[in-house]
Amino acid sequence: MANSASKTLLKGLSLSQLEDFVQRQGMQPYRARQLFHWMYRKNVPLIAEMTTLKKSVREFLETHAEINLLRLSHAITSEYEPAQKFLFELPDAERVESVYMEADNRRTICVSSQAGCALKCDFCATGLMGQIRNLTPGEIVDQVLWVERHTKKEATNVVMMGMGEPFLNYDAVIQAAELMSHPDGIAISKRKITISTSGIIPAILRFADEGQRFKLAISLNATTAEDRRRLMPITKKFTLAKLLDAARYYTERSGQRVTFEYVLLRHVNDSLLDAKRLRRLLANIPCKINLIPYNAVDLGYESSTEERIQQFVSELATFPAPVTVRRSQGRDIQAACGQLFVQRADQKARRRSRALSM
Ligand code: SAH
Ligand code: SF4
């Protein structure tokens with residue numbers, strides 16, 4: 001029997017890539033659709049469960065192909081909210097996290113696009129991990145399939161807001177999102193799949209030019225160039241002014257609003273002057289503003305007080321577009337935005353020394 005290294009990984013392949021695979025193996029072309037259906041619609045974890053395939057085909061596939069990419073190492077359920085966090089191990093033993101949340105009739109899965117993140121935003125736990133590697137399309141889409149199997153619930157929404165910067169792994173993220181939205185598979189509508197970026201301008205322009213229909217969210221998090229450079233070092237490469245131009249360009253090309261995420265950090269970016277500046281900065285961009293109360297991770301930042309959050313919202317009352325406050329779920333299981341962090345032995349020391357230097 002072939003060892004797993006020589007097996008073809010089927011999950012993550014598009015229908016046409018599956019067609020190429022079955023053709024190369026000398027199998028009937030319709031087998032590609034069957035495989036697609038079993039993996040993404042029926043969501044079976046084993047080739048052996050693909051019962052419409054002849055036994056000989058199943059045996060052949062079990063020898064030459066693999067459909068499981070993730071191993072669940074840990075699942076934790078929140079005591080207070082309908083939220084669960086999943087820690088997965090990848091074939092090379094790297095680890096990523098996904099989160100399942102229920103609220104307002106929505107069942108949302110938050111998936112990771114990279115193991116770690118190179119961008120090191122000052123307030124984000126994932127940034128502490130540094131860049132480890134990009135996930136493959138299969139590793140991204142398999143998070144959704146795994147979580148749906150485990151929870152026995154079909155997701156209504158997917159957000160690429162877990163670990164990593166999706167637009168530094170553009171091709172894999174788009175291929176995974178295509179698979180999530182394919183009508184013969186998981187079939188989540190494109191407008192219910194949100195890709196969140198810290199502001200990788202060339203990728204935003206590409207996304208706009210390609211006419212992608214997935215939802216775009218941009219993590220803004222500051223209202224002056226200086227503050228943003230400090231909080232999100234990527235601003236040194238892609239400036240705030242150019243990011244806003246790119247966002248405007250996207251809205252013009254797509255005819256869609258963009259969502260701006262704004263994490264509220266106490267005494268850092270939550271003054272009423274910030275709220276006024278935010279209103280001005282975004283005044284001529286068709287958008288929504290999503291305010292995110294900061295979820296504590298031990299990096300020296302605090303969440304704004306409830307009173308300040310309300311004042312900030314009131315200051316935006318005259319803003320012409322929707323302003324919402326995201327009530328993060330799963331804080332008790334460290335599953336809320338920005339709390340995703342997988343500690344590797346070599347990172348413990350770094351994390352400690354950084355905490356001490358604050
Ligand atoms: N890298 C992408 C997507 C992952 S981060 C991005 O930055 O957009 C998803 C969101 O979580 C971002 O809006 C980020 O600003 C926010 N975030 C990071 N750390 C957070 C924390 N501790 N509390 C609340 N939100 C946080
Ligand atoms: Fe990376 Fe996003 Fe965290 Fe910044 S906020 S470090 S871009 S995951």
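**Helix axes and the basis of this report**

An axis here is a line fitted to the C-alpha atoms of a helix over the stretch in contact, and the angle between two axes runs from 0 to 180 degrees between N-to-C directions. The structure described is a predicted model. Two packed helices are described by the angle between their axes and the distance between the axes.

**Helices α5 and α6**

Helix α5, residues 137-151, and helix α6, residues 170-181, have axes that come within 8 Å and cross at roughly 40°. This angle makes α5 oblique to α6, since angles under 35 degrees count as roughly parallel and those of 65 to 115 as roughly perpendicular. The crossing in which α5 passes α6 is right-handed.

On the α5 side, the contact is formed by P137, I140, V141 and V144; their partners in α6 are A172, V173, Q175, A176, L179 and M180. Classified by residue type, this contact of α5 with α6 comprises 9 nonpolar residues and 1 polar residue, with no charged residues.

**Helices α1 and α2**

Helix α1 (residues 15-24) packs against helix α2 (residues 30-41) at an angle of about 130°, and the two axes are 8 Å apart. The pair α1 and α2 is therefore oblique, and its crossing is right-handed.

The residues of α1 that take part are L15, L18, E19 and V22, which meet R31, A32, R33, L35, F36 and M39 of α2. The contact of α1 with α2 contains 7 nonpolar and 3 charged residues, and no polar ones.

**Helices α7 and α9**

For helix α7 (residues 201-209) and helix α9 (residues 240-254), the axes come within 9 Å and cross at roughly 10°. Helix α7 is therefore roughly parallel to α9, because the limit for that description is an angle under 35 degrees.

From α7, the residues I201, I204, L205, F207, A208 and D209 meet K242, L243, A246, Y249, Y250 and R253 in α9. By class, there are 9 nonpolar and 3 charged residues in the contact of α7 with α9, and no polar residues.

**Domain arrangement**

The domain assignment divides the protein into domain 1, covering 4-66, and domain 2, covering 71-345. A distance of 33 Å separates the C-alpha centres of domain 1 and domain 2. At the contact between them, 15 residues of domain 1 touch 15 residues of domain 2.

Conventions. Residues numbered from 1 in each chain as written. Chains lettered and ligands numbered in written order. Predicted model: local features only at pLDDT ≥ 70, side-chain atom pairs only at ≥ 80, totals over all residues. Heavy atoms only, no water. Helix = DSSP H or I, 4+ residues; strand = E, 2+ residues; numbered from the N terminus. Parallel < 35°, antiparallel > 145°, perpendicular 65-115°, else oblique. Left-handed = near helix turned anticlockwise from the far one by under 90°. Contact = heavy atoms within 4.5 Å. Nonpolar A, V, L, I, M, F, W, Y, C, P; charged D, E, K, R; others polar. Domains from an automatic or database assignment.
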